[in-house]
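Visitor: Could you walk me through how to read the surface and the aromatic rings here?
Guide: Gladly; let us look together.

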Amino acid sequence: KPGLVDQIDAGAHQDMDYSLMCRSIHALHPHFVALAQLGYQEKLPTSEEMRRLGLEAEREMLLATNNVNTHKGALFAMGLVLIAAAHNYYIYGVIQEQPLRTAICRLASDFPAPKGTHGDAVRRQYNVGGALAQAAAGYPDLFDNWLPYLRQLKGDTFAAHKTLLYIMTKLDDTNVLHRKGAQVASKVKEEARALLSNFSEAELIKLNQQYIKENISPGGSADMLSLTFLLNAILS
């Protein structure tokens, strides 16, 4: 994965590795269960209820990682979708795309815009939507583009890598913008597009080595990849 932590290397990260990411995931697991249980009721929960459970999960994550932010973005996005999915399952007995999208919009619209964070600074400086805006819109790119793209690659050994690259061509990644600015963020989109059009494992490895040297980590795209996997699993 270009610039990201995997089992081979830590990508462009000096403060985390595969082992740390695994500890974070294990720490978050029971909290994802709790978030799903919060959604499994007739009424959608309030933003305060969601925020309370989310902050508990974040505290456990930071405790497990010695205060390294491994999955804060994924916690927000996946937690929101799990709540919406559990609510839909409670109401309909199945999880359907359109009611799920509607519930995600309603849940996200209740959240106040974050202030004073890196993401907030990036949104203001570069006039991009960010994680909350994507959620409030119901993740249109995810449902309309990224999920269908992943599904059409069924059986492809590099389906996950190609889907990540596809997301990187589209997403205004606040992680890249924060680290490197708009010019590099635009270059990342172009490089992902070029690799996708002529994909090879060797070129993927080269791009990873380049991003390690240049300190580029498309973490927002990684969050959206994880969310794409989740939706692929729960939507028939």
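Guide: Patches join residues with over 30% relative accessible area and no salt bridge, like charges within 9 Å and nonpolar side chains (Val, Leu, Ile, Met, Phe, Trp, Tyr) within 5 Å. A salt bridge is a Lys or Arg side-chain nitrogen within 4 Å of an Asp or Glu carboxyl oxygen. Areas follow Shrake-Rupley with a 1.4 Å probe, and for residues only the protein chains shown count as cover. This is a predicted model, where local features need pLDDT of at least 70, side-chain atom pairs pLDDT 80 or more, while totals for chains, interfaces and linings use all residues. Numbering starts from 1 along each chain as its sequence is written, and side-chain values use heavy atoms, without hydrogens or water.

Visitor: Which residues form the nonpolar patch on the surface?
Guide: Tyr-40, Tyr-89, Tyr-90, Ile-91, Tyr-92 and Val-94, together with about 610 Å² of accessible area.

Visitor: How many aromatic pairs are there?
Guide: Rings of Phe, Tyr and Trp (its six-membered ring) pair with centres within 6.5 Å; planes under 30 degrees apart are stacked, over 60 edge-to-face, the rest tilted. The whole structure has 4 such pairs. Among them, Tyr-40 and Tyr-90 have centres 5.0 Å apart and planes at 90 degrees, so they are edge-to-face. Tyr-40 sits in the loop between H1 and helix H2 (47-65) and Tyr-90 in helix H3, so the pair ties together parts 50 residues apart in sequence. Helices are DSSP runs (H or I, at least four residues), numbered from the N terminus.

Visitor: Is His-31 buried or exposed?
Guide: Buried means under 20% relative accessible area, exposed over 50%, partly exposed in between. His-31, at 16%, is buried.

Notes
Buried < 20%, exposed > 50% of the residue type's maximum accessible area, 1.4 Å probe, protein only. Helix = DSSP H or I, 4+ residues; strand = E, 2+ residues; numbered from the N terminus.
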